[in-house]
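Open the model in your viewer and keep the selection tool ready. Each stop below says what to select and what is there.

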Amino acid sequence: METTLEFRLAAGDTGALGECYREHSPAVRSYLRKLVPPQDVEDVLQVVFTEVWRFRHRFDPGRSLAAWLFGIAHNRAVDHLRARTPTTVPLEAVPDPAGHDGRRDGDELADRDRVLRALAALPQVQRQAIELAYYGDLTQREIAEHLRVPLGTVKARTARGLHRLSALLEAA
């Protein structure tokens, strides 16, 4: 006779449910945190383990208990999200979007154009270091590896480039 948690749970051993909860609830809770709002995690977790007990006869003890639990957790999280009423705000309470008349958008485009022209005026090595940092979202160490130059070189190029860029933008 098998006495594993899986077999005991499938057989309806009430102690197995508590053991299953103690053993698996931290992982299921962590999984649910990725799917449902934080304030709803505990409620959905309770629904999951209620269903584990209600449908224990459907569980095949030869299969993975954790996979079965996560499947139930996923389905209950989806059900929970579908049942939620989306938050609505009266249209009168929403302010007009900034720049709806085009002025703000035009200012942003002009600023972007000034930055691009100033970047183009920099020496190529300085421009490359700045572009990789700000547009490529790379750290200085990653830039050094990418360019195959010492980290100090990247730091110097970036500092000099930013200083020169600042001067060019002030002049513009």
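Contact on this tour means heavy atoms within 4.5 Å. This is a predicted model, in which local features need pLDDT of at least 70, side-chain atom pairs count only at pLDDT 80 or more, and totals for chains, interfaces and linings use all residues. Residues are numbered from 1 along each chain as its sequence is written, and side-chain values use heavy atoms, with hydrogens and water left out.

**Stop 1: the two domains.** Select 1–87, then 105–171. These are domain 1 and domain 2, with bounds from an automatic or database domain assignment. Their C-alpha centres lie 51 Å apart.

**Stop 2: the core.** Select Val28, Leu32, Val48, Phe49, Val52 and Leu65. They have the most contacts inside the largest nonpolar core, which has 20 residues. Such a core is a set of buried Ala, Val, Leu, Ile, Met, Phe, Trp, Tyr and Cys residues joined through side-chain atoms within 4.5 Å. Two or more core residues come from each of α1 (5–10), α2 (14–33), α3 (41–54) and α4 (65–83). Helices here are DSSP runs (H or I, at least four residues), numbered from the N terminus.

**Stop 3: Val28.** Leaving aside neighbours within four places in sequence, Val28 touches Leu45, Val48, Phe49, Leu69, Phe70 and Ala73.

**Stop 4: Glu51.** Which helix holds glutamate 51? Glutamate 51 sits in α3. Why does glutamate 51 count as buried? Because its relative accessible area is 15%, and buried means under 20% (1.4 Å probe, protein chains only). Beyond neighbours within four places in sequence, glutamate 51 is in contact with Arg56, Ile72 and Arg76.

**Stop 5: residues 113–165.** The chain is 81% helix and 0% strand over this stretch. Its end C-alpha atoms are 13 Å apart.

Conventions:
Buried < 20%, exposed > 50% of the residue type's maximum accessible area, 1.4 Å probe, protein only.
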